[in-house]
Amino acid sequence: MKRKTWVLAAAAVLVAAAAIGGVVVVSGSPDATPAAQEPPTSTVKVERGALAAMVSLDGTLTYRARSDGSPYSVINRAHGTYTELPEAGDKVSCGAVLYRVDDRPVLLLCGTLPVYRRLRGGDVGRDVRQLNRNLHQLGYDAHPRDDAFTSRTAAALRKLQHDKGLSVTGALRVDDAVVLPRPVRVSRVTGALGGSARSGAQVAQGTSDTLDVQVQLDASQQGEVKVGDHAQIMLPGLESVTGRVARLGRVAQAPAGQNANAGAATITAYISLDTPEKARGLDRAPVQVEIATRGVEGVLSVPVLALVGKSGGGFAVEVVRDGGRRELVAVKLGLFDTARGRVQVEGDLREGDPVVVPSL
């Protein structure tokens with residue numbers, strides 16, 4: 001993991017300027033020199049616009065799951081023998097058959113409350129409302145906000161059971177379905193085809209079908225990165241896509257080992273992609289991430305390489321005035337935009353002024 005700050009950028013400026021012989025001694029020297037005494041120059045314009053500070057990080061492109069990044073667990077409640085299991089990468093929608101035990105389908109229902117009791121006529125509760133909502137969303141005639149198991153619920157459930165090959169009883173058994181928050185993309189199968197199905201055992205793990213990027217923020221970065229910050233992600237193959245910080249983890253994680261300490265703890269930031277279809281086919285892929293953590297608008301800026309150091313401290317830029325006359329102008333530096341290689345400047349400058357840059 002690496003991080004670029006404007007301080008480092010300023011150091012880079014000095015190194016770059018020294019490397020090209022561009023450090024200028026302003027103190028005790030005239031501020032303007034005749035153009036005829038100068039070699040040919042390369043110039044760029046002073047620009048007015050927006051700049052952004054960036055945090056650079058290594059990240060992982062993967063499928064979104066629980067808030068802590070871990071996958072959903074598919075917990076089996078049926079007894080018997082696994083006769084059909086999904087494969088890693090399979091996508092299972094709400095109401096579809098997830099796997100089979102003794103050739104009996106186990107459905108995926110969507111929600112947050114696991115099936116913990118047999119549901120039948122007369123029952124009332126959040127789990128009944130969840131069942132009604134699933135039936136309604138699957139196209140069956142049930143009221144999505146009704147928390148009572150009515151004759152309407154039973155009729156709708158019987159139709160679902162008939163369509164999916166379940167015993168048509170009009171009641172939902174504990175081992176008829178697994179509840180997960182959303183349609184699932186199977187990431188790992190832990191059950192074995194032909195193996196014993198035991199109640200309470202994990203049979204698979206899954207994620208959502210939505211790709212995002214996860215990065216680890218160290219202590220110094222956790223106050224800089226905020227939800228909504230824009231990001232640039234470099235995918236394998238050097239294709240660049242944009243995204244936005246969607247959420248931040250709530251639990252700090254310290255690295256394992258005897259040398260672990262609180263200062264080394266990180267939290268996870270999750271970045272959604274603006275065009276996830278460009279990253280299809282990639283899972284757990286390493287990516288490079290640039291997060292724009294803050295910015296300024298309507299400011300004057302010059303390329304970082306246009307800066308020259310002053311002997312007494314501070315920086316200046318060399319401006320080409322009318323008639324080719326060069327003038328060193330002291331500038332006060334503001335935000336470094338490391339992604340664009342520009343720096344905010346304040347001084348006796350105007351938008352469009354040509355400033356000297358090294359000929360590379």
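**Reading the cut-offs**

Author: In the protein chain, residues 24 or more positions apart account for 68% of the contacts with a separation of 6 or more; a contact means heavy atoms within 4.5 Å. This is a predicted model, in which local features need pLDDT of at least 70 and side-chain atom pairs count only at pLDDT 80 or more, while totals for chains, interfaces and linings use all residues. Residues are numbered from 1 along each chain as its sequence is written, and side-chain values use heavy atoms, with hydrogens and water left out.

Reader: What is the mean pLDDT of the protein chain?

Author: The mean is 86, and 86% of the residues reach 70 or more, where pLDDT is the predictor's confidence in each residue, from 0 to 100. Over residues 1-36 the value is below 50; this stretch has 57 contacts in the model beyond near neighbours in sequence.

Reader: How many helices and strands are there in the protein chain?

Author: The chain has three helices and 22 strands. These are DSSP runs numbered from the N terminus, helices being H or I with at least four residues and strands E with at least two.

Reader: What makes R104 and D175 a salt bridge?

Author: The rule asks for a side-chain nitrogen of Lys or Arg within 4 Å of a carboxyl oxygen of Asp or Glu. The closest N and O atoms of R104 and D175 are 3.8 Å apart, so the pair meets the rule. R104 is in strand β8 (residues 104-110) and D175 in the loop between α3 (151-164) and β9 (177-180), so this bridge links distant parts of the chain, 71 residues apart. By the same rule the count comes to 18 salt bridges.

Reader: Why is D175 called buried?

Author: Buried means under 20% relative accessible area, exposed over 50%, and partly exposed in between, with a 1.4 Å probe and protein chains only. D175 has 17%, so the word is buried.

Reader: Which residues are linked with R321 in a network of salt bridges?

Author: The network links R321, R325, E327, D348 and D353. R321 is in the loop between β19 (315-320) and β20 (326-337). Its relative accessibility of 17% makes it buried. Leaving aside neighbours within four places in sequence, R321 is in contact with E327, V329, D348 and D353.

Reader: What makes the pair of Y82 and Y99 edge-to-face?

Author: A search of the whole structure finds one aromatic pair. Its rings, those of Y82 and Y99, have centres 5.9 Å apart and planes at 65°. Rings of Phe, Tyr and Trp (its six-membered ring) pair if their centres lie within 6.5 Å, and planes under 30 degrees apart count as stacked, over 60 as edge-to-face and the rest as tilted. The pair is therefore edge-to-face. Y82 lies in strand β5 (residues 80-84) and Y99 in strand β7 (residues 97-101), so parts 17 residues apart in sequence are tied together. Both tyrosines are buried.

Reader: How do you know that the charged end of R247 sits over the ring of Y270?

Author: The rule requires NZ of Lys or CZ of Arg within 6 Å of the ring centre and within 35 degrees of the ring normal. The charged end of R247 is 3.9 Å from the centre of the Y270 ring, and it is listed as sitting over that ring.

Reader: What should the twelve residues of α2 span?

Author: The expected span is 1.5 Å times one less than the number of residues, which for α2 gives 16 Å; its end C-alpha atoms are 16 Å apart, which agrees. The buried residues of α2 pack against β8, α3 and β9.
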